[in-house]
Amino acid sequence: MSRLGAKLHQSQQLRQDAKIGPRLYQAMELLYMPLLDLQQRLKQELAENPFLELTEADAEPEAELEDDQASAEEENEAEEELDWEDILLDGLNGGGHRPGYEEREFYQPPVVEANDLADHLAGQLRLLDLSERQVRLGEEIIGNIDDDGRLSCSLEVVVAGANGWLAELKQVARGHVQELEVEERGLFLEEIEGEFRPYELGEADHMLGLLQQFDPPGVAARDLRECILLQLRHRALDGSLADRLVREHFDELIQHRWLDIQKSLGVTAREVQDAADEIARLEPKPGLKYAPRREDYIIPDLVVDKIDGEYMVFVNDTSLPRLRLSRAYVEVARDRNKFKGENKEFISSKLSSANWMIQAVEQRRQTMLKVMNFIGERQRDFFEKGVQHLRPLTLREVADHIDMHESTVSRVTNEKFCQTPRGVYPLKFFFSSGLSTRSGEDISARGVRAKIERLVDGEDPSRPLTDKAIVELLESDGVRIARRTVAKYRDQLGILPARMRRRV
């Protein structure tokens, strides 16, 4: 019987492979970079590559250095005395001063840390007349309050956590007692047993009640219902109709079932609606008031301006360092006989890298202009009339028009922003799927959502538009759309169904 086994063997074959080199990877990375990241990358290249220098727009103009003929001649004489080989090699190692490059120091304002919710609550806790044991329990509860201001776990878990570290402190205290005299140990052991006795659930419940009286109102609640009740109590609305709605009919309140509430409580529909409006004005997440705020500043990569009736596209790259080849270093590098071996190879590599960087930045600029120019032509109605006239657009359409790969267009539009006459938008905003119309022209899904939002904003609150009614109105406007699509877009916009939007 033959036996099958794995064998190693060698063979020769010819084939063509398309491999991405390091330079192409770097070019793709530059294309992907937002403006601020590219700015930092160019500054890094400027500092590391001596063959790059700032243009006259960013550096000191050479004309100002040539005003004085005598000083210019002295400069030329000093240049002839310099050992360019030492300077060049020193520059390649990152040291020395390079022509046309002025050292600049950038300062970033220090980040001032503001008090968060835990600090705010702990400060109020320390103002109360409490024992150290109570304060420690209060801090344990505060540590389990999330950024929304809710208690993120049960009181049983809080007590278990507090008793865990309390046992550790008790063990440490017992160790110190052993250092005392025999007659003193008994007294201190009694104090330790009293001070470090385990917390009970009743103590935690009492402390939670104290914390729920802190600012902001509604903090330390265990759920949304309790959060609303705490805020109503803070407003002295205990026993009011709003309080009864939350205590007795919370599920119906969430579902906007006003008729069921009206029948159960024996009040008018108007009174139920007014009480629900009072509840709606409360804060469901009171802790967010003290949450750290991110300050995201957007610097647009592109600018679209209307000039003489035409929309013109510009690259907003005035903050980027303007790079060029350093003429002084290129002149020295031409005499290749001065450099041999690794030095020659290193200089050739740096010069090639400098040339490539300048070309890659320009290529990025031209690609962004091509993409945005096509977007500007396609979305002219948006610039003129608004988001409801946004036309459908895909990455494939742009890629085919500018004769580039779809992935390249995706990199160009990723995390890039454009300043337009209608505001600042991410480039991805201009891309969306489309729906057909009776006129034969497609309309973007984003434009349809804007139409739905406009229709709901203008509806009669006592007779809100159903999804079917919205479909009919859109069809009368020439847009063909299914009812389930309207429901999907409505959910995306955060618009409630008609039954829940109805007001008395």
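These are my notebook entries on a predicted model of one protein chain.

**Ground rules**

I worked on a predicted model, so I took local features only at pLDDT of at least 70 and side-chain atom pairs only at pLDDT 80 or more, while totals for chains, interfaces and linings use all residues. I number residues from 1 along each chain as its sequence is written, and side-chain values use heavy atoms, with hydrogens and water left out.

**Entry 1: the whole chain**

I looked up the secondary structure and found 24 helices and 8 strands. Helices (H or I, at least four residues) and strands (E, at least two) are DSSP runs, numbered from the N terminus. The chain has 504 residues, and 37% of them count as buried. Buried means under 20% relative accessible area, exposed means over 50%, and partly exposed lies in between (1.4 Å probe, protein chains only).

I then checked contacts, meaning heavy atoms within 4.5 Å. Among contacts with a separation of 6 or more, 66% join residues 24 or more positions apart. The chain exposes about 31600 Å², and carbon and sulfur atoms supply 48% of that. Accessible areas come from the Shrake-Rupley method with a 1.4 Å probe; for residues, only the protein chains shown count as cover.

**Entry 2: cysteines**

I searched for disulfides, taken as pairs of cysteine sulfur atoms within 2.5 Å. The structure holds 0 of them. I looked at two cysteines anyway. Cys153 is buried at 19% relative accessible area. Cys418 is buried too, at 0%.

**Entry 3: helix H12**

Which residues of helix H12 are buried? In this helix (residues 241–248) I noted Ala242, Asp243, Leu245 and Val246. Seen down the axis, they fall within an arc of 160 degrees, so they line one face of H12. The arc is that of the directions from the helix axis to the C-beta atoms. Their cover includes helices H11 (224–234), H13 (250–254), H14 (258–265) and H15 (269–280).

I count a salt bridge when a side-chain nitrogen of Lys or Arg is within 4 Å of a carboxyl oxygen of Asp or Glu. Glu248 is partly exposed at 47%. Arg244 is partly exposed at 33%.

**Entry 4: other salt bridges**

How many salt bridges are there by this rule? I count 24. In one of them, Glu226 meets Arg222 at 3.0 Å, N to O. Glu226 is buried at 16% relative accessibility, whereas Arg222 is partly exposed at 41%.

Another pairs Glu384 with Arg380 at 3.7 Å, N to O. These two sit 4 residues apart in helix H18 (residues 380–385), so about one helical turn separates them. Glu384 is partly exposed at 32%, and Arg380 is partly exposed at 31%. I also noted a network elsewhere: Arg126, Glu132 and Glu139 are joined by salt bridges that share partners.

**Entry 5: helix H20**

In helix H20 (residues 406–413) the buried residues are Val409, Val412 and Thr413. They cover an arc of only 90 degrees around the axis, which puts them on the same side of H20. After the helix comes Glu415, and its phi is positive, near 55 degrees.

**Entry 6: Lys451**

Is Lys451 buried or exposed? Lys451 is buried, with a relative accessible area of 9%. I placed this lysine in helix H21 (residues 445–457). Leaving aside neighbours within four places in sequence, Lys451 contacts Gln388, Ile443, Leu474 and Asp477.

**Entry 7: Asn49**

Asn49 lies in the loop between helix H2 (35–48) and strand S1 (52–54). I checked Lys350, 301 residues away from Asn49 along the chain, and found their C-alpha atoms separated by 6.4 Å.

**Entry 8: a nonpolar surface patch**

Ile307, Met312 and Phe314 form a nonpolar patch on the surface, with about 250 Å² of accessible area together. Patches are made of residues with over 30% relative accessible area and no salt bridge; like charges are joined within 9 Å, nonpolar side chains (Val, Leu, Ile, Met, Phe, Trp, Tyr) within 5 Å. Met312 belongs to strand S3 (residues 310–315). At 37% relative accessibility, Met312 counts as partly exposed.
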